Amino acid sequence: MTAKPLHIALLAGETSGDLLGAPLLAALRERLPDARFSGVGGAAMQAAGLTSLIDMNRLAVMGLVEVLRHLPDILAAQKSLLAHWADDLPDVFIGIDAPDFNLRIARALHARGVNTVHYVSPSLWAWKEKRIHKIRRCIDLMLCLFPFETAVYDKHGVPAVCVGHPLRDRLQPVAASDARAALALPQDAPILGIFPGSRRGEIRRLLPVFLQTYERLKADNPALHAVLSLRHPPDAASASLLARLPDLHQLDADSAALMSASDALLLASGTITLEAALLARPMVVAYRVHPVSAAIARALRLLKINRFSLPNLLAGADIVPECMQEECNPPRLAAELTPLLANAPAAAAQRAALAAVAAQLPANVSARAAEAIIAQFCLNEVRTTP
């Protein structure tokens, strides 16, 4: 009899999942040094030791209409992954966020006896709580990022652990003056940080609006500068607008450095808002989905909440402005950002509220997640094969 190396599969469908998966994979490797890891991930997970089987960007699609447009390729990716794992069955499958895709993979692998984990609870508290029944049939352990998420799993008998969010451990506050010096930005000018999202569809919908907002703010305050974080090339219209906007710095730098250098932030909704909260940077959060997706969600009353940004959800209060769909327009965004850039009392109030949000999140997150997985499936036990 010989020891059989553990095979752990991980699947991240977008950049935020890649950033969650990388430290988890590193924590698992530290505790299970003989394990091997396959699946889907970006640069961070691959650097941590993942053998990635397909390009992660094939799965980075959001919105009802957008998913339909890319459905053939998404289904082809699913078929390819399941065919690979049929020949090389993992001991554990860990789906990282992207529940629509990952739960389908989990269901197929669970039927073959694979232990299944989902890391990042779907927003059952926000919409479609009935999804818990689907989850219960295919997920053996749910890893939640936030304390308020475990209640629905406890209610339905699904093992769930709140491990916190890895950003809590990774981010270290940096003084604005130090961040600006490192990025060669002016020390005395007000600076707006612009973050239009990581998906191509988000950038296509939000970047023109965000740039027009900066243009409006710049007209009122000629001293204003901006830093832009852009993961994919802009379309032609946005590129033309970028070329004519003065004092806008498109920098290939870590988002935390860009945020630390900024007086206020204009952000797409998502994990990036938690990063901003942990750095206590005043912000306005905005989002747009395809108009048809928005109309369907409204007609079917899919949303159960009045807040959508993570800082507000964690605070249980409206501590940062949210501008969704039709409200995501340059005049409204500029009006919300003006007092934050002027360092008015609104900015100080936000910073204090965001610091309180950060204080409630646990530390050592990836270690907690790895230990929960190992304990749930007794992975430290020696497995043997003839």
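I began with the secondary structure and found 17 helices and 15 strands in the protein chain, taken as DSSP runs (H or I of at least four residues for helices, E of at least two for strands) and numbered from the N terminus. The model is predicted, so I kept to its limits: local features need pLDDT of at least 70, side-chain atom pairs count only at pLDDT 80 or more, and totals for chains, interfaces and linings use all residues. Residues are numbered from 1 along each chain as its sequence is written, and side-chain values use heavy atoms, with hydrogens and water left out.

I then looked up burial, and 52% of the 386 residues are buried, meaning under 20% relative accessible area with a 1.4 Å probe, protein chains only.

Next I turned to an open sheet of six strands with parallel pairing, in the order S11-S10-S9-S12-S13-S14, where two strands pair if DSSP finds at least two bridges between them. Its edge strands are S11 (248–250) and S14 (322–324). Strand S13 (residues 283–287) is joined to S14 by three bridges, and Ala286 stands opposite Cys323 in S14.

Of its 94 residues, Leu10, Ile94, Tyr119, Tyr153 and Ile373 touch the most other members. Helix H17 (residues 365–377) gives the largest share, seven residues. Domain 1 (7–164 + 363–377) and domain 2 (174–360) both contribute residues, so this core lies between them; the bounds come from an automatic or database domain assignment.

Definitions and conventions: A nonpolar core is a set of buried Ala, Val, Leu, Ile, Met, Phe, Trp, Tyr and Cys residues joined through side-chain atoms within 4.5 Å. Buried means under 20% relative accessible area, exposed over 50%, partly exposed in between (1.4 Å probe, protein chains only).
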